[in-house]
Amino acid sequence: MGLEDWTDYPTSAALCEARGAHLAVPRTDVEMTCVRQLTETLSNTHIWLGVNDIEVEGEFRGVDGCGLVTIPTSRWQSNEPNGGTTESYVTYSASGWTDSGPGNVKHPLCQLTGCYKPHCL
């Protein structure tokens, strides 16, 4: 849900919230496969994920309220994350995850808030 829009991070988050959702937080390999499958038919697609390190640099948290997101090194593009405090928001493209500033434009990928949350207490 949301792949038709090109928006900055705050607008993307608001679009998802207006739909009763949040930006997608792929926590498992199965969920990451789903993200890949949803986006593989779109060329040059860069999407916002609901993962950031705003609170503590290098500690990535999900906007789903489930806390820290364990991100395997294999998900990151080469030399990522590399933005320090200026790039705190995670994006996905076919070449992997990157960190980005909130003003860049990407597609939002929304996840319904009632979906399975394997790491929540």
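A nonpolar core is a set of buried Ala, Val, Leu, Ile, Met, Phe, Trp, Tyr and Cys residues joined through side-chain atoms within 4.5 Å. Buried means under 20% relative accessible area, exposed over 50%, and partly exposed in between, with a 1.4 Å probe and protein chains only.

The model on screen is predicted: local features need pLDDT of at least 70, side-chain atom pairs count only at pLDDT 80 or more, and totals for chains, interfaces and linings use all residues. Residues are numbered from 1 along each chain as its sequence is written, and side-chain values use heavy atoms, with hydrogens and water left out.

**Whole chain**

Start with the protein chain as a cartoon. Its secondary structure comes to two helices and seven strands, in the order α-β-α-β-β-β-β-β-β along the sequence. Helices (H or I, at least four residues) and strands (E, at least two) are DSSP runs, numbered from the N terminus. Of the 121 residues, 45% are buried. Contact means heavy atoms within 4.5 Å; among contacts with a separation of 6 or more, 66% are between residues 24 or more positions apart. Switch to a surface: the chain exposes about 6400 Å², and carbon and sulfur atoms supply 53% of that. Areas come from the Shrake-Rupley method with a 1.4 Å probe; for residues, only the protein chains shown count as cover.

**The largest core**

Select Leu49, Val51, Ile71, Val90, Tyr92 and Trp97. Of the 15 residues in the largest nonpolar core, these touch the most other members. Helix 2 (29-39), strand 2 and strand 4 each give two or more residues to this core, and the largest share, three residues, comes from strand 2. In soluble globular proteins, nonpolar side chains tend to be buried together.

Now centre on Tyr92. Leaving aside neighbours within four places in sequence, Tyr92 is in contact with Met32, Val35, Arg36, Thr39, Thr45, His46, Ile47, Leu49 and Trp97.

**Helix 2**

Which residues of helix 2 are buried? They are Glu31, Met32, Val35 and Thr39. Seen down the axis of helix 2, they fall within an arc of 100°, so they line one face of the helix. The arc is that of the directions from the helix axis to the C-beta atoms. Strand 2, strand 4 and strand 5 are among the elements that cover these buried residues. Turn to the other side of helix 2, where Asp29, Val30 and Gln37 are exposed.

**Strands 4 and 5**

Select strand 5, residues 96-100; five of its five residues are buried. Strand 4 and strand 5 form a hairpin with two residues between them. The two run antiparallel and are joined by five bridges; two strands pair if DSSP finds at least two bridges between them.

**Helix 1**

Move to helix 1, residues 9-18, and show Tyr9, Ser12, Ala13 and Cys16, which are buried. Viewed down the axis of helix 1, the buried residues fall within an arc of 100°, so they line one face of the helix. They pack against strand 1 (21-23), strand 2 (47-56), strand 4 (89-93), strand 6 (107-108) and strand 7 (110-112). After helix 1 comes Gly20, with a positive phi near 75°.

Pick Cys16 in helix 1. Its relative accessible area is 0%. Beyond residues up to four places away in sequence, Cys16 touches Ala21, His22, Leu23, Pro108, Leu109 and Cys110. Cys16 and Leu109 are 93 residues apart along the chain, and their C-alpha atoms are separated by 7.9 Å.

**Aromatic pairs**

Finish with the rings. Rings of Phe, Tyr and Trp (its six-membered ring) pair if their centres lie within 6.5 Å; planes under 30 degrees apart count as stacked, over 60 as edge-to-face and the rest as tilted. The count comes to five aromatic pairs.

Show Tyr9 and Tyr89: the ring centres are 4.1 Å apart and the planes are at 40°, so the pair is tilted. Tyr9 lies in helix 1 and Tyr89 in strand 4, so the pair ties together parts that are 80 residues apart in sequence. Both Tyr9 and Tyr89 are buried.

Next show Trp76 and Trp97, with ring centres 6.0 Å apart and planes at 80°, so the pair is edge-to-face. Trp76 sits in the loop between strand 3 (59-62) and strand 4, and Trp97 in strand 5, 21 residues apart. Trp76 and Trp97 are buried.
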